[in-house]
Amino acid sequence: MDTVLDAPVKTFLQVTEFWVPEGDRLVLATGNYGGLAAFEDATRAISFAKGEGLPGKAWAEQRPIVLKGFDGSYFKRTEAAAEAGLTSAVAIPVFDGDALRAVLVVLCGDDDARIGAIEVWSELDGLMMLDDGYYGAAKHFEWVSQHTHFPRGQGLPGGVWSASTPMLFRELGSGYRFIRADSAGKAGLTTGLGLPIPVPHDRQFVLTLLSARGTPIARRFEIWDARPEKVGHETAAILTDGICERDGPLWTDDNDTSPRRVTANQGNIGKVLASGLPVIVSGAPTLTEGYGSMVALPIYQHGAIAHIVSWYV
Amino acid sequence: MQKLVVIGAGMASGRLLEQLIEADATAYDITLFNAEPRGNYNRIMLSPVLSGEKSYTEIVTHDDDWYAANKVTTRFGEKVISVDTARKVVVGENGDVPYDKLVFGTGSSAFIIPLPGHDLPGVVAFRDLEDTSAMTEAAARPGAKAVVIGGGLLGLEAAAALRLRGMEVTVLHIASHLMERQLDPAAGYLLKKDLERRGINVILEAQTKEIIGNGRAEQVNLGDGTELPCDIVCMAVGIRPAVKLAQDSGIACGRAIKVDAQMRTQTPDVYAVGECVEYDGNLFGLVAPLYDQAKVLAKTLLGQDDSFVMRELSTKLKVTGCDLFSAGDFADGEGREDIVFRDPARGVYKRLVIENDRLIGAVMYGDTADGNWFFGLIKDGTDIADMRETLIFGPSYQGGAQADPLSAVAVLPPEAEICGCNGVCKGDIVKAIEGGAADLGAIRATTKASASCGTCTGLVEQVLSVTLGDDFVLPTAQPICGCCDLTHEDVRRLIKTKELKSQEAVWQELGWKTRNGCHSCRPAVNFYLLADWPLDYKDDPQSRFVNERNHANIQKDGTYSVMPRMWGGMTTPQELIAIAQAAEKYGATVKVTGGMRIDLLGIQKEDLPAIWHDLNQAGMVSGHAYTKGLRTVKTCVGKDWCRFGTQDSTGLGIKLEKKLWASWTPHKVKLGVSGCPRNCAEATCKDIGVICVDSGYQLSVAGAAGMDVKETERLVDLTTEDEVIEWTSAFVQLYRENAKYLDRAYKWVAKVGLDWVKETLADPATRKALVERFDISQSVYQHDPWAERAVPSEAVKFQPMADLTQEAAE
Amino acid sequence: MNWIDIGHIDDVPLRGARQVKTKVGCLAVFRTAEDEVFAVTNACPHKGGPLSEGIVHGTSVTCPLHNTIFELSTGKSHGVDAYTIDTYPVRIDGDRILLNGDAIAQRSAA
């Protein structure tokens, strides 16, 4: 395998971590702090009660939450974040039915050079509306998104909503729904990953990660299908779609080649299948397809993992 | 070099070129014509490109570099004007190209219904990248509306894609359910619901009257008066083979270019492949048979034999989140039976069609996991009579979730020792993998794990699999039995590593699929536990075969044989008298065995404690003639009597037997001690053999004289009896601690290598530790099992628990 | 119902069996790991192997002679060459094992 890392790139997400419930608190399971040692130390020292801080709020409110500007907010690590240059965060709860399995938190810095978007969409009156999002320097695209809504089946949020499956869109600039394509193209956004975020109540949430070439959210995306409807009785997942800067397309035209398949405990995706929790791996390029780090996030449905999305940067 | 000209760069001709070049890159000088200004791309993936879920660059199968690298001359964007088969020349817009062999791969074009208005701008087919681009462009207009005519595979993929692009989409379909050629009405209904959930409007039994508009398509009118305003009309009702060029060139055509099973047309040196061919009256639209044709034609062109065979086809719809699979024939008919499964809550519908105990059709909606398995049954014509009742639940129907074979290794902490020989723990191996070691060889080179005796190879491979995922292909190992996916070696290693000290711990931690094992695995696990943890684990008689539980050999009539020990083959008149009396008293048949002992056959189970008691009284103990343990130590008379004898072989044999008796081992252990190299005690075909020589003792191991016959191999030469006893004990302990249950010593030594055994035992400290562990085990197990069972409280267990023969019948 | 006390539960080893002699021949009384008890014909129909000497796993026993596996609750063997052995009602009352005498009487009368 090609383990030579390309020249380091500035990434859109600077910190990724996940928290797991232990008793009535959320404790840190693992994180990738990208060298922000002081912030990591500050993080390791704390835990959250339900409703407390950003992860606790995502747990209590049972929904993904975008938080921009930590000063004066409920964010607990404001000082350390400020020192590390982190200004925004998104918390994504992982629910299995009513039970919280984990909260994934990503943190971003505010600077004019970083382009990308991480958005939370939710259903209102039969339409997907932007709940909130963090866009870095893509201000115009942010404005456009705030003024766009998606009926079922349309665009990335509407598509994910109606198909109940993660989706990966390419070449956003040339057609990620008509209203946003133009603006997305101008902002340099190339690849979009959309995923359903199931919560215990009826409200529908869709999370999108829109990646730009210069400051990518990820340079490799994968979508794995783990539903028994697709993989049978075995605890397993098949790679249904994916794109990689280095390996090119990761899907297979199944007239010819079977898709990649992993079983529980087989590699990082197998670890998600076995543990039911997200996985974050960094500092071991041979285990992360030659990239510096990877994140894999399970999405539950009918009491079991239905899909796993992973991104590598 | 012969000249090959191919007309049309589609999927079939692309596959043909690949196969041809791979088989023999020098066979042909190839020229490829294509009317489209580009090379080959994966046409069946156009719908995800239309939806934005794939990009065009991702579906290109051959780019300019590929053609250049394979020396294919490309004439793209150039139309072929004519073919002169007499002169063997292809006439292109930019000049002639002579050929030795010519292949038509002209494919098909969309079928356009000749409705009024069908030729207006804005009416497109869905066949190529140009159509796709036209639709993408139309979708870019705010509020754009599309009408898709045709509710087949292609039309529905287009509709879903256009919807994702943001359009308002209406599908018009002439039949009463969608995809009527691939789906039955029930699946068609579910599909319609699914599409409607995506905001796609579906009109069935639609009679399209006309397309109207001012200079471009603006509205579709239906026969019932419905008016559908639109910005674009996509006509996806079918394809027709593109054969005009072939017809004009005088190639025999029916509905398409006629070919035989070798893909030859009726014109010499002219071939055809793909959607433009007609074979045996059939046309082809799906990709699988096109690939088959390409393979056959490549062989034909290389002068090899192959024939195209029609096969069953399966269909999937490329709409993300829409799981649909259909294969075979599912029309109702005489003698056909259906098996239907529905789960309304999950939106699952499955239908199998059976005729004459063969599966002939399958339709699935919402759950397609077993699609390929059913498809295989259809293709192979498998007799499904035996599995009819559970057929619809698929191949993995077992009524429960499957255990995960990697879980035991996955949960091991980093400090868990994997390789006992070299003291390598899991964390070391994972670090090596992270450092780039990607296979067993690299792990051995960097960590030494599994580089010595090799019994931990399976575990190392599992660590590789757990860490690397599917990049490491796990070799299939023989599992211990149906109860567990791990091998014997893995189970042994994990019992040590995870310090599992009870059967329950083994069942739980190693993922046993049964409640408490079976007759195959439980005796093995019982042995492993008692061998590794003699002080913590107690031997479980209920996990032993009847012989070991009853300490006597069951015979085929249900009676038992009883054989007292005769140390080194020595006995006394008193012992012989006791044996004779017992034989008479219990009606035994008497036989002298090959192992220098006397066997009493035909003893009833109830009598066993009594005969043991009698033999005990005369000072005799169990000969363990029934165990996976020490059997006999065969000796010759040695230097006290024999004129050739060099040492006291009988005396040494007795000492060895007294040391080793009553020890449990993976399989039986037989020893021989010969007083000189003439080898009267046949020591060189035993598990352990000692040959006495003038200078001392030659210790050899791993012989066999059963189904396999094998001479022992020299382990070491020693000078004193004490050394022989020490080395022998150490060897037995090493065997006990490492071998697979039911592997005789010679099999085990063959697996781990005699060199490793020698090296391990040569270290005095290791040898001493082995002997100490052997002695600890013997302190627990070296007792006469007969004496323990001849006492009244135990003897009663050999009787029936109740005798109801005297009970009154009423 | 004629329930006959044949002994204490501990007279039968866990995952083991004992024989009971009756007019219809020798029966094997089994006790599984979960303290379920079963009574079946002792002789395997294949070659007469004493099932009471077999290894008990789950609610099955493996014949000691040729490894035929019988499900104790039904008396049916696994595998292609299916055998069936007679099963007899048996139950636990406190710590006593009771065998149904009527079933044996019926079988002997038949």
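Which residue of E2(C) is the bridge partner of B:Ala802? The partner is C:Val20. Before that pairing is set in its surroundings, a few conventions are needed. This is a predicted model, in which local features need pLDDT of at least 70, side-chain atom pairs count only at pLDDT 80 or more, and totals for chains, interfaces and linings use all residues. Residues are numbered from 1 along each chain as its sequence is written, while chains are lettered from A and ligands numbered from 1 in the order in which they are written.

Chain A comes to eight helices and 19 strands; helices (H or I, at least four residues) and strands (E, at least two) are DSSP runs, numbered from the N terminus. Its C-alpha atoms fill a box of roughly 55 × 45 × 45 Å along the principal axes.

Of the two pairs of chains that touch, A and B have the most contacts. Two residues are in contact if their C-beta atoms, placed from the backbone, lie within 7 Å. Chain A gives 50 residues to this contact and chain B gives 51 residues. Among the elements on the chain A side that give two or more residues are helix H5 (155–163), helix H6 (178–187) and strand E10 (167–169). H8(A) gives the most, with five residues. The chain A side divides into 19 nonpolar, 21 polar and 10 charged residues. Here Ala, Val, Leu, Ile, Met, Phe, Trp, Tyr, Cys and Pro count as nonpolar, Asp, Glu, Lys and Arg as charged, and the others, Gly among them, as polar. Chains A and C have no contact, and their closest C-alpha atoms lie 23 Å apart.

Chain B also touches chain C, with 21 residues of chain B in contact with 31 residues of chain C. On the chain B side, nine are nonpolar, eight polar and four charged. The pairing from the opening belongs to these two chains: strand E39 (residues 802–803) of chain B and strand E2 (residues 16–22) of chain C run parallel and are joined by two bridges. Two strands pair if DSSP finds at least two bridges between them. Both strands belong to an open sheet of five strands with mixed pairing, in the order E39(B)-E2(C)-E3(C)-E4(C)-E8(C). E39 of chain B and strand E8 (87–88) of chain C stand at the edges, each with a single partner strand, so one side of each is left without a neighbour in the sheet. At the E8(C) end, strand E4 (residues 37–41) of chain C pairs with E8(C) in the antiparallel sense over two bridges. There C:Val40 stands opposite C:Thr87.

Within chain B, strand E4 (residues 80–84) and strand E5 (residues 89–92) run antiparallel, joined by four bridges. B:Asp84 has B:Val89 as its bridge partner in E5(B). Four residues lie between the strands of this hairpin, and B:Lys88 takes a positive phi near 55°.
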